Amino acid sequence: MPNEPSSPSFFIDIDGVLYGGGVPTEKGPQVLEYLRERNFKFLLVTNTSRMTRTQIARKLLNLGYQVQEEEIFPTSTAAAKYLRKRFKKADCFVIGDNSLRDVLEEHGHRTFVEEEPADAIVIGQSKWADFRQIDIARRLVVNGAEVVALHRDLTWPDGDVTRIALGPIVAAMESVIDGPVTVIGKPEKKFFTAALQHAKFQREHTIMIGDSVQSDIRGAIDSGLKSLLVRTGNGTNECIPTDCGGELATIADLPDWCEKNLPKP
Ligand SMILES: [Mg+2]
């Protein structure tokens, strides 16, 4: 059911917002309970491409968050939906983890990791991608395959360590092909549009809460959504854009923010 026109909905990023380095944000789980009590709809939107929705839900449950799979919208699901629209059933050369292959196959696509004719090269995060995969992918592109990247984030916070994310892999791919790369996840407008359609939220009444200025906040603003930056994860030292709707020290401050800014009817 779509929300009433004036009822706000929330997109909430996961990594760096609900947890960081495998540790849940203090009082984070109560925030989702608060949102349910106030009947505010939410969808967890994430660029994480190394877990299926089932695995993400299980991880969150272990950290104390009561979340259903349907309340999670990862970039891997968005990629699988994109490929369905584009090819119906796509033959996919996958650079990424087995969990990404699982998501694509659940949506009717065929996946493989050796060189054979492909409709698409799907690039997700893996522990370490290798140049052999880029070598194969380049030849497949020459023969007509489309490159679909789950996102192009440059880094990700692994607890106290910052590691490279997909951006450098996508850049390596781009350096040896002529055509464009289709990027699926945040901050792409088509990702936010797909998430709005998935959740049946209204663009002008949806507030994106995230820790990344580039992926979450900039992406949301450019897609016509409202936004709130949390000062955890990537957001600890970021400069807040002037057109961002505000900031929270952590997601635990969201109930107070709602009480002040979204008065009860
Ligand atoms: Mg994040």
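The questions and answers below go through a predicted model of one protein chain.

Q: How do you know what confidence the predictor has in the protein chain?
A: pLDDT is the predictor's confidence in each residue, from 0 to 100. The mean pLDDT of the protein chain is 93, and 97% of its residues reach 70 or more. Residues 1-5 stay under 50. For residues 1-5 the model has seven contacts beyond four places in sequence.

Q: What domains is the protein chain divided into?
A: Domain 1 takes in residues 9-47 + 187-261, and domain 2 takes in residues 88-183. These bounds come from an automatic or database domain assignment. The C-alpha centres of the two domains lie 27 Å apart. Nine residues from domain 1 and eight residues from domain 2 take part in the contact.

Q: Why is G185 called buried?
A: A residue is buried if 20 or more other C-beta atoms lie within 10 Å of its own. G185 has 26 C-beta neighbours inside 10 Å, so G185 counts as buried.

Q: Where is G185 found, and which residues is G185 in contact with beyond its neighbours within four places in sequence?
A: G185 is found in the loop between β12 (181-183) and α7 (189-199). Leaving aside neighbours within four places in sequence, G185 is in contact with N47, T75, A78, L150, H151 and F191. From G185 to A249 the separation is 64 residues in sequence and 25 Å in space, C-alpha to C-alpha.

Q: What makes the strands β5, β4, β1, β13, β14 and β15 an open sheet?
A: The six strands stand in the order β5-β4-β1-β13-β14-β15, with parallel pairing. At the edges are β5 (72-74) and β15 (247-248), each with a single partner strand, so one side of each has no neighbour in the sheet.

Q: How do you know that β13 pairs with β1 and with β14?
A: Two strands pair if DSSP finds at least two bridges between them. β1 (residues 9-12) and β13 are joined in the parallel sense over four bridges, and four bridges also join β13 to β14 (residues 226-230). M208 in β13 stands opposite F11, and in β14 the bridge partner of M208 is S227.

Q: Why is the crossover from β13 to β14 called right-handed?
A: A crossover is right-handed if, with the strands pointing away from the viewer, the path from the first strand over the helix to the second runs clockwise. Here the chain goes from β13 through helix α8 (residues 213-222) to β14, and this β-α-β crossover is right-handed.

Q: What makes β13 mostly covered, and which way do its residues point?
A: Five of the five residues of β13 (residues 206-210) are buried. T206, M208 and G210 point one way, and I207 and I209 the other way. In a regular strand the side chains alternate between the two faces of the sheet. In β1, S9 and F11 point one way and F10 and I12 the other way, and all are buried.

Q: How do you know that β4 pairs with β1, and β15 with β14?
A: The cut-off is at least two bridges. Four bridges join β1 to β4 (residues 41-46), which run parallel, and I12 stands opposite L44 in β4. Two bridges join β14 to β15, also parallel. There L229 stands opposite E247 in β15.

Q: Why is strand β6 called largely enclosed by the rest of the structure?
A: Four of the five residues of β6 (residues 91-95) are buried, so the strand is largely enclosed.

Q: Which strands does β6 pair with?
A: β6 pairs in the parallel sense with β7 (residues 110-112) over three bridges, and four bridges join β6 to β8 (residues 120-123), which run parallel. C92 stands opposite T111 in β7, and the bridge partner of C92 in β8 is A120. A right-handed β-α-β unit is made by β6, helix α4 (residues 98-106) and β7.

Methods
Residues are numbered from 1 along each chain as its sequence is written. This is a predicted model: local features need pLDDT of at least 70, side-chain atom pairs count only at pLDDT 80 or more; totals for chains, interfaces and linings use all residues. Two residues are in contact if their C-beta atoms, placed from the backbone, lie within 7 Å. A residue is buried if 20 or more other C-beta atoms lie within 10 Å of its own, exposed if 12 or fewer, and partly exposed in between; C-beta atoms are placed from the backbone.
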